[in-house]
Amino acid sequence: MEANRSTAKYWMLFFLWLVILIVLMIFLRQFFWLALPGVVTYFALAMDIM
């Protein structure tokens, strides 16, 4: 049986990466792709998909 684990840390990291992504979209569009893996990864972890 799989133990329930807290995903609060992953949600906080997701929102941190999301803010970084938005800032990059506003100021440095060419570096948008550098933040995208962090956003997708931590969203998946927060939703307990992986």
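Keep in mind that the model is predicted.

Now its partner along the helix. Trp11 and Phe14 both sit in helix H1, residues 8–27. They are 3 residues apart, which means about one helical turn separates them. And Phe14, buried or exposed? Buried, at a relative accessible area of 10%.

Next, a contact between helices. Phe14 also pairs with Phe43. The ring centres are 5.3 Å apart, and the planes meet at 50 degrees. Stacked means under 30 degrees, edge-to-face means over 60, and the rest count as tilted. So this pair is tilted.

Where does Phe43 lie? In helix H2, residues 32–46, while Phe14 is in helix H1. The pair therefore ties together parts that are 29 residues apart in sequence. Phe43 itself is partly exposed, with a relative accessible area of 35%.

Now the tally. How many aromatic pairs are there? The count comes to 7. Trp11 with Phe14 is edge-to-face, because the planes stand at 80 degrees, with ring centres 5.8 Å apart.

Last, the grouping. Trp11, Phe14, Phe15 and Phe43 form one aromatic cluster.

Terms used. Residues numbered from 1 in each chain as written. Predicted model: local features only at pLDDT ≥ 70, side-chain atom pairs only at ≥ 80, totals over all residues. Heavy atoms only, no water. Phe/Tyr/Trp six-rings, centres within 6.5 Å; stacked < 30°, edge-to-face > 60°. Helix = DSSP H or I, 4+ residues; strand = E, 2+ residues; numbered from the N terminus. Buried < 20%, exposed > 50% of the residue type's maximum accessible area, 1.4 Å probe, protein only.
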